[in-house]
There are 4 protein chains.
Amino acid sequence: MKDKVKKVVLAYSGGLDTSIILKWLQDEYNCEVLTFTADIGQGEELEPARLKALSLGIKEENIFIKDLKDEFVKDYVFPMFRANAIYEGEYLLGTSIARPLIAKTQAQIALQTGADAVSHGATGKGNDQVRFELGYLAFNPDLKIIAPWREWDLNSREKLLAYAAKHGIDISKKKGKSPYSMDANLLHISYEGLVLEDPAARAEDEMWRWTKSPKEAPNESQIIELEFKKGDLVAIDDEFLSPAGLLAKLNELGAKHGIGRLDIVENRFVGMKSRGCYETPGGTILLKAHRAIESITLDREAAHLKDELMPKYAHLIYNGFWFSPERLMLQALIDESQKCVNGKVRLELYKGNVMVVGRESANDSLFNAAFCTFEEDEVYNQKDAEGFIKLNALRFIIAGKNGRKF
Amino acid sequence: MKDKVKKVVLAYSGGLDTSIILKWLQDEYNCEVLTFTADIGQGEELEPARLKALSLGIKEENIFIKDLKDEFVKDYVFPMFRANAIYEGEYLLGTSIARPLIAKTQAQIALQTGADAVSHGATGKGNDQVRFELGYLAFNPDLKIIAPWREWDLNSREKLLAYAAKHGIDISKKKGKSPYSMDANLLHISYEGLVLEDPAARAEDEMWRWTKSPKEAPNESQIIELEFKKGDLVAIDDEFLSPAGLLAKLNELGAKHGIGRLDIVENRFVGMKSRGCYETPGGTILLKAHRAIESITLDREAAHLKDELMPKYAHLIYNGFWFSPERLMLQALIDESQKCVNGKVRLELYKGNVMVVGRESANDSLFNAAFCTFEEDEVYNQKDAEGFIKLNALRFIIAGKNGRKF
Amino acid sequence: MKDKVKKVVLAYSGGLDTSIILKWLQDEYNCEVLTFTADIGQGEELEPARLKALSLGIKEENIFIKDLKDEFVKDYVFPMFRANAIYEGEYLLGTSIARPLIAKTQAQIALQTGADAVSHGATGKGNDQVRFELGYLAFNPDLKIIAPWREWDLNSREKLLAYAAKHGIDISKKKGKSPYSMDANLLHISYEGLVLEDPAARAEDEMWRWTKSPKEAPNESQIIELEFKKGDLVAIDDEFLSPAGLLAKLNELGAKHGIGRLDIVENRFVGMKSRGCYETPGGTILLKAHRAIESITLDREAAHLKDELMPKYAHLIYNGFWFSPERLMLQALIDESQKCVNGKVRLELYKGNVMVVGRESANDSLFNAAFCTFEEDEVYNQKDAEGFIKLNALRFIIAGKNGRKF
Amino acid sequence: MKDKVKKVVLAYSGGLDTSIILKWLQDEYNCEVLTFTADIGQGEELEPARLKALSLGIKEENIFIKDLKDEFVKDYVFPMFRANAIYEGEYLLGTSIARPLIAKTQAQIALQTGADAVSHGATGKGNDQVRFELGYLAFNPDLKIIAPWREWDLNSREKLLAYAAKHGIDISKKKGKSPYSMDANLLHISYEGLVLEDPAARAEDEMWRWTKSPKEAPNESQIIELEFKKGDLVAIDDEFLSPAGLLAKLNELGAKHGIGRLDIVENRFVGMKSRGCYETPGGTILLKAHRAIESITLDREAAHLKDELMPKYAHLIYNGFWFSPERLMLQALIDESQKCVNGKVRLELYKGNVMVVGRESANDSLFNAAFCTFEEDEVYNQKDAEGFIKLNALRFIIAGKNGRKF
C-alpha cells in the first residue's frame with residue numbers, strides 16, 4: 001500500500017506521538033500530509049498544534065483546525081444521554097462518544113481535499129482504533145487507513161524517543177504533563193497505564209486532573225436546577241446556554257464538588273480487560289437529572305423498554321458503531337420516547353454526591369399524588385386490584401392445580 | 001366468601017393496622033385467626049407482637065414467630081445481587097425481595113395448620129398486595145385470600161382509629177414513631193406519604209432513620225475489604241459471618257458513612273407513579289463491590305448478557321414474580337455465570353461515597369496488564385486488529401460501495 | 001353505573017349475540033344505543049346489520065357503518081408486517097391487529113355523538129375484551145365501558161336464546177353458519193370452540209372456510225412476483241393496487257393453493273391456554289416475501305435487532321397494546337430500518353407451500369456474489385479473517401491460559 | 001510460524017480439497033500430519049478416507065476416524081432444538097451446530113497425541129473457519145492453527161487442480177458428485193455456489209439431494225407421533241431409538257414427503273451476504289413438533305422469555321460461539337424451562353407440509369378447556385377481567401387525563 005497513498009489526513013493533536021506519526025508518514029509513505037485538529041473541549045489551546053505542524057513542514061492550507069464543541073454536545077452527547085447510556089454499569093462513554101465525530105469530520109476533510117487516506121494515533125490494542133476506522137469507513141468505504149501503531153516497529157517508548165530525536169522532533173516534556181495515557185473532551189478525561197495496570201493498586205491522588213477530591217470539596221453543599229426540553233438539557237439555574245456551554249458549566253459545578261470520579265476495570269472490544277480511571281463531573285450530574293425528569297414524565301413501559309435496550313445501545317457506542325443502522329434504529333426508538341420529557345430537576349451537590357431534591361413538570365407530569373394515597377379516589381378503584389392480581393396469578397393457579405411445584 | 005373461611009393466617013406485625021385487621025377478621029369472617037410474624041431484620045422486637053396477639057384473643061398455639069433473617073439474605077438477597085438488580089436505574093428492591101419469603105412462609109403455616117385462608121395488611125393501591133398474593137398462590141392455588149384494605153370501608157385514618165377505639169385496640173402513638181408509611185428489613189428501610197407526595201418537595205432531614213446524612217458522616221474515610229465466593233459475599237475484613245451477619249455489618253458501615261439514601265419517583269405495577277425514599281446502606285456497598293469483583297473475573301459477553309437481562313429480572317422481582325418459571329430461568333442463567341466470581345474488593349467509604357480502590361482474585365482474574373500495554377506481547381498481535389476491524393466494517397464498506405449513506 | 005349511562009356506542013355485527021346485547025343495553029341501562037359496524041374485510045355484507053339495527057329500534061342517524069379496509073391494511077397490517085411479527089412462533093396476529101382500529105373508530109364516534117359509553121360483545125375470558133378496552137381508554141380515558149358478558153347472567157347458550165326469544169330477536173340459524181366461534185377480517189379468519197377444545201383432537205376438514213386443503217389445491221404450482229417499497233407491498237405481478245386490494249388478491253392466491261392454515265394452542269393474556277385454528281393465506285405469503293426482500297436489502301445487524309425485538313412487539317399487539325408508547329417506540333425503530341427495503345420477490349405457490357424462487361433489488365441490494373466466492377476479490381482480503389477470529393477468540397485464549405475450562 | 005509446527009491434526013474428509021491440504025501441510029510445514037475424520041451422519045463411508053490418507057503417506061496410527069453421530073444429536077442438536085433456534089427467521093443451523101463438535105474432538109486428539117497444531121479446510125470468506133477456530137481455542141488456547149485457504153496462493157480451481165496433479169493426487173471427479181459447495185451431517189445438507197450466486201435465479205431441481213420435491217412426494221399423507229421427554233425427542237410412533245436413530249428416522253420421513261427445503265440469502269459473521277440452499281427434513285419436523293409440545297406444557301412467560309432470547313442464542317451458534325460462557329448461560333436458562341416438556345404430538349406429513357393434528361401430555365398439560373369456554377367455571381371469574389384491564393390501562397387513563405394524545 002505504501003506507494004499508493006498520495007495524500008493523507010492525520011488526526012493531529014500537536015503532541016509528541018502524533019508529531020512522530022506525521023514525520024513517519026512523510027518518510028515512509030512519501031505522501032502529502034494534512035493535519036486535522038479538533039476542539040472537542042479537551043481544554044488545550046489548538047494554536048500550538050498549528051505551529052507544530054508548520055514546523056514539521058505542513059503547508060498552511062493543509063492544516064485544519066475545527067471547533068466541534070457544540071456539534072459534539074448537541075448531536076452526540078445529548079442523544080446518548082437521552083438513553084441514560086452506561087457501559088458495564090459504570091462508564092459514561094466519554095471517549096467512545098467523541099471518536100465518531102472526529103472520524104466523520106476527518107473523512108469529510110479527506111473528501112474536500114481529495115485525500116485518499118486517513119491516519120490516526122490510536123494503538124493496536126485499544127478501542128479507539130476501531131471507533132476511528134469504523135467511522136471513516138462508514139463515510140467513505142474507499143479511504144485507505146494508516147494506523148502507524150499497528151505497522152511500525154517503534155513499539156517501545158525508547159524507540160519512539162529515539163525516532164523523534166533523530167528527526168528533530170522536540171521531545172522535551174511539557175511542564176506538568178501527566179505521565180498517564182489520557183484522553184479528554186467536554187464530557188470527560190480518562191487515565192490509563194502505570195500504576196493503574198495493577199487493578200489491586202489504588203489510583204494516586206495526584207493523577208486526577210479535573211475534579212476536586214470529595215475530601216477537599218467544599219463543606220457547603222450547593223443546590224442547582226436543571227431544565228429539560230424533549231430530554232435535552234436547556235438551562236441551568238434558569239440560564240439558557242449553548243449545548244457546549246451547558247456541559248462546561250456542569251463540569252465546573254461537578255468538579256468543584258468532587259463529583260464524577262470513577263475507577264473501573266472494563267472489557268475492551270478487542271478482547272482484553274483494562275483498567276481505566278475517569279472524571280465525568282458534568283455527565284454524572286446530567287445522568288442523575290435526566291433519570292429524575294424521566295421519572296415523572298415518562299410512561300412506565302416506555303421507561304422499561306429504554307432500560308432493557310440501554311445496554312445494547314451502550315455496547316454499540318463503546319465498540320464504535322455510532323454510525324450504524326442499528327444505532328440509528330435504537331436512537332429512533334429513544335427519541336420517540338423523549339417528546340414529553342420536559343421539566344425541571346433540583347439537585348444538591350456535596351462532596352461527591354449528587355442528590356435529587358425535587359422534580360416538576362408544568363405540563364407533562366404523570367405523577368398524581370391522589371392515585372397513590374390509601375384513601376379512595378375517582379380513577380382508581382381498589383377492588384380492581386383483586387381481578388388484576390387474580391388474572392396475573394392465573395397461570396400459577398392452573399399450574400398448581402395441575403400439581404406443578406416450585 | 002365470608003361464611004366459607006374457617007381459619008386464616010394473618011401476616012401480623014403487632015402494629016395498629018394489622019391489629020385492626022386481626023379484630024376485623026374475627027368479627028367479619030367469624031373465623032379462627034392465626035398470626036404470623038417474621039423477623040427479616042426490620043429491627044423491631046417481636047415479643048410485643050406476641051403479647052399484642054394474645055391480648056386480642058389469639059391462642060398461644062396460633063401465634064407463629066419466625067426468624068427468617070439468614071434465609072432472607074442467603075436465598076433472596078444474595079441471589080438477587082448476583083444479578084446486580086436495580087429497578088428503574090436506581091431502586092435496590094429492598095421491599096420487593098422480602099415479600100415472597102413472607103408469603104411462602106405464611107402459605108406453609110397455612111398448610112401445616114390446615115388453614116384455608118391467608119390475609120395481609122397491604123393496601124389496594126400498592127405493589128405489596130400483588131407480591132404477597134402471587135406468592136401465596138404460587139405455593140397453594142387453593143388458598144383463599146383476604147385483603148381487608150380492598151374490602152372494608154375503613155378507608156380513612158379517622159375511620160380506622162374509630163374502629164380501633166370501638167374494639168378496644170390501643171391507639172396511643174408509640175413514642176418516636178415515624179409519621180411516614182414505612183417498611184424495613186435487613187436490606188433496607190423505605191418511606192412513603194406526607195410531604196413525599198409532592199415530588200417537587202424535598203424530603204425532611206428527620207425522616208431518615210438508619211443512615212447518617214453525608215454531611216454528618218465522619219470526616220475520616222474508612223477502607224474495607226469484601227470477599228466473594230461464587231458471586232456471594234462471604235467475609236468483611238477477613239471476618240466470615242452468616243449471610244445475615246454480613247449484611248448487618250455492611251449496614252452498620254454504610255449507615256455510619258452516610259451511604260445508601262435514595263429519593264425517587266417509581267412506577268408501580270398497578271399503574272401509577274409514586275414517590276419513595278429508601279435507605280439501603282449495606283446493599284449500596286454490596287452492589288458496587290459485586291460489580292467490581294465481576295469486573296476482573298467475569299467474561300465480557302457473560303457480563304453483557306447479564307446487563308441486558310438485568311432490567312427484566314428486576315421488573316419481575318419488583319412486580320412480585322419471584323416464584324415464577326421465568327425468574328427461575330433467569331436465575332439459572334445468572335448463577336451459571338457466577339462460578340468464577342471469586343476474590344476480594346477494597347472500598348473506601350466516605351460521606352455518602354463508595355469508592356472502589358482495589359480488586360483482586362487469586363485464581364480467577366482474567367485481567368492481565370501485559371495484554372493492555374502498548375508494547376508487544378505474545379498473546380496479542382496488534383496486526384490482528386486490522387483484520388478484526390476490516391471484517392467488522394465489511395457491511396459498512398459494502399453498503400457504502402452500493403451508495404448507501406448515513 | 002347503570003343509571004349514569006346516557007348514550008352508548010355498541011360495536012355491532014348484526015349477529016345474534018350483539019343483537020341481544022343491543023336489546024339488553026336498552027333494557028338494563030335504559031339509554032340511547034348507537035351501533036357501529038365496521039367493514040374490515042370480514043366478507044359479510046353490512047346492509048343487513050343496518051336493517052337489523054333499525055328493526056331493533058335504533059334510529060337511522062344512530063347507525064354507523066364504515067369501510068375501514070384500506071386504513072386497516074395500510075396503517076395496521078402493513079406496519080406489523082414490517083416487523084415480521086409472529087406470536088409464539090406461529091400466529092400471525094390476525095384478530096389482534098384489527099381490534100385497535102375498531103376501538104379507535106368507536107371511540108371517535110362516541111366523541112362526535114356525545115356518547116358517554118361504549119360496549120362490545122367480547123367475552124370475559126378472552127383477549128378481545130382487553131384489546132377493545134385498552135383501545136377505548138387510550139383515546140378517551142373518560143369513556144364508560146359496558147362489557148355485557150362480564151355483567152349479565154346470560155352465561156349459557158340456553159339463557160341467551162331464551163332472552164332473545166323473549167325479546168323478539170330472530171334466533172333462526174343462518175343457513176351455512178358455522179358452529180364455531182369465529183372472527184374474520186382481511187388478514188385472517190379464526191375458529192375456536194367445539195372439538196377444538198381438546199388439543200389432542202384433529203380439526204374437522206369442514207371447519208376451514210377460506211382456503212382449500214393442500215390436498216385439494218391445484219396440481220399445478222403458480223409463480224407470483226411481489227414488489228415492495230420501504231418494506232410495504234405495492235404490487236403483485238406488476239399490478240399496483242390499494243393496500244386492501246393487494247391483501248385481497250394475496251388471500252385469493254393463497255386460498256387457491258391451500259396456504260396459511262394453522263392449528264395451535266396459544267397463551268391468552270388473561271392467563272389460560274386456548275386452542276385456535278387460523279387461516280391467513282395472504283399474510284403467510286406476505287411474511288415469507290417480506291423476509292426475502294429484507295434478506296438482500298437489510299443490513300445484518302439491523303435484521304438481527306429486528307429479530308430480537310420482534311417477540312416483544314408481537315406480545316404487545318397480541319395483548320392489546322397497539323396504542324401505547326412502547327409500541328410506538330418499537331415502530332419507530334422498525335420503520336427506520338425499512339427505508340431501503342425495496343425490490344421484488346418471486347414465489348412459487350403449491351399445495352400449502354410458499355417457496356421463494358428469486359429476489360432482486362435494482363438499487364438497494366447489499367448482495368454481491370464476488371464477496372462470497374472463494375476466489376480473491378478487491379474488497380475482502382482473506383487474511384483479514386485471521387485477525388478477526390483471533391480477536392474474537394481473545395477472551396477464550398486469556399481464559400484458557402488462566403486455566404478456565406469448558 | 002512455518003518452522004515451528006511439529007505435528008498437526010487435520011480435519012480430513014478424504015475429498016480432493018483436504019487431500020491437497022494434507023499434501024501441502026507436509027510440504028510447506030514439513031511436519032507430521034495426523035488426519036481426523038468424523039462421522040456426523042454426512043452419509044458417506046469413512047473407510048475410503050482411511051485408504052486415501054494411507055495412500056498419501058499418513059501412518060496407520062495417525063489416522064483417526066470417529067463415529068460422533070449420537071454425541072452430535074444428543075449434546076448438540078437436541079439442546080439447540082430445546083431453544084427452537086432459527087437463524088434470521090429461516091435457517092435451522094445445520095452446519096453451524098456440527099462444527100463445534102468436530103473442533104472439540106480434533107483439539108482432544110491433538111492433546112492426546114501431543115500435536116501442537118490443527119488445520120481445517122474452510123475458506124477465508126466463510127463462517128466455518130470461525131466456528132472451527134473458536135472451538136479449537138476454547139479447548140486449547142496454545143494450539144497453532146493452520147488455515148491453508150487463508151495462507152496459500154492456490155486461490156482458484158485451476159491452481160488447485162494443477163497442484164493436485166503435480167503431487168499425484170487423484171483428481172478424477174467422483175461419479176455423481178455435485179458441482180455445488182456442500183456440507184452434510186445428520187441434521188442437514190447445504191449447497192452454495194454456481195447459479196446460487198445470483199439470488200434472483202432459481203435453484204435447479206437436480207441440485208437437491210436428500211428430499212423429494214413436494215411435487216414428487218406421495219399423494220397420500222402420513223401421520224406420525226413424536227414423544228418428548230424434558231424437551232427432547234425420545235420416540236417416533238412408540239419406537240424408542242438412540243438420538244441419532246431418531247433423527248435419521250425423521251430425515252427419512254421428511255425426505256419422503258418433500259419436507260425441509262429452504263432457499264435463503266443469509267448474513268455471514270464475516271460481513272457479507274451469501275445465498276444458501278438447505279435440506280433439513282427431520283429438523284423441520286422436529287421444530288414444529290417441539291413447539292407443539294411446548295404449547296401445552298410450557299408456562300406462558302417461560303415460552304415468551306425463550307422466544308425473546310432465541311435470536312441471540314441462534315446468532316451465537318451461527319457465529320461459532322457454542323463453547324462460550326454466554327451460550328452456556330442461555331442453555332442453563334433454556335434447560336431450566338424444559339423440565340415439564342413431556343408428551344406426544346401427532347403430525348401429518350404431506351407434500352412439503354408438516355401439520356400438527358394433535359398434542360397431549362399425560363401429566364404436564366397446562367391446557368384446560370374449562371377455563372376457555374364462555375360458561376362460568378370455578379377458577380376463573382369473568383368479573384376479574386374488569387380489574388385486570390383497568391389496572392393495565394391505568395397508565396393510559398392517567399396520561400389521557402393529563403392531556404397526552406396518541
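How many positive and negative side chains does chain A have, and how far apart do the centres of the two sets lie?

Modeller: Chain A has 54 positive and 61 negative side chains, with 4 Å between the centres of the two sets. Lys and Arg count as positive, Asp and Glu as negative; His and chain ends are left out. Each charge is placed at NZ of Lys, CZ of Arg, CG of Asp or CD of Glu. The model is predicted: local features need pLDDT of at least 70 and side-chain atom pairs 80 or more, while totals for chains, interfaces and linings use all residues. Residues are numbered from 1 along each chain as written, chains are lettered from A in written order, and side-chain values use heavy atoms, without hydrogens or water.

Chain A has 406 residues, and 67% of them count as buried. Buried is under 20% relative accessible area, exposed is over 50%, and partly exposed is in between (1.4 Å probe, protein chains only). The C-alpha atoms of chain A fill a box of roughly 85 × 55 × 45 Å along the principal axes. Its secondary structure comes to 13 helices and 14 strands, taken as DSSP runs (H or I, at least four residues; E, at least two). The accessible surface of chain A is about 14300 Å² (Shrake-Rupley, 1.4 Å probe). Carbon and sulfur atoms hold 49% of that surface. In chain A, 73% of the contacts with a separation of 6 or more join residues 24 or more positions apart. A contact here means heavy atoms within 4.5 Å.

Now the charged patches. K173(A), K174(A), K177(A) and R209(A) form a positive surface patch. A patch takes residues with over 30% relative accessible area and no salt bridge, like charges being joined within 9 Å. K174(A) sits in the loop between α7 (157-166) and β6 (181-184) of chain A. K174(A) counts as exposed because its relative accessibility is 55%. E204(A), D205(A), E206(A) and E216(A) form a negative patch. E204(A) belongs to the loop between β7 (189-192) and β8 (222-229) of chain A. Its relative accessibility is 34%, so E204(A) is partly exposed.

Some charges of chain A are paired. E225(A), D238(A), K344(A), R346(A) and E360(A) are linked in a network of salt bridges. A salt bridge puts a side-chain nitrogen of Lys or Arg within 4 Å of a carboxyl oxygen of Asp or Glu. Over all chains, the count comes to 140 salt bridges.

Other chains supply examples. K312(B) bridges to E308(D), with the closest N and O atoms 3.7 Å apart. K312(B) lies in helix α10 (residues 300-319) of chain B and E308(D) in helix α10 (residues 300-319) of chain D, so this pair joins two chains. E308(D) has 16% relative accessible area and is therefore buried.

D128(C) forms a salt bridge with R131(C), at 2.7 Å between the closest N and O atoms. Both lie in helix α5 (residues 128-139) of chain C, three residues apart, about one turn of the helix. D128(C) is buried at 17% relative accessibility. R131(C) is buried too, with 3%.

A further bridge in chain C joins E301(C) to R300(C), again with 2.7 Å between the closest N and O atoms. E301(C) is partly exposed at 24% relative accessible area, whereas R300(C) is buried at 10%.

How values were computed. Patches are made of residues with over 30% relative accessible area and no salt bridge: like charges are joined within 9 Å, nonpolar side chains (Val, Leu, Ile, Met, Phe, Trp, Tyr) within 5 Å.
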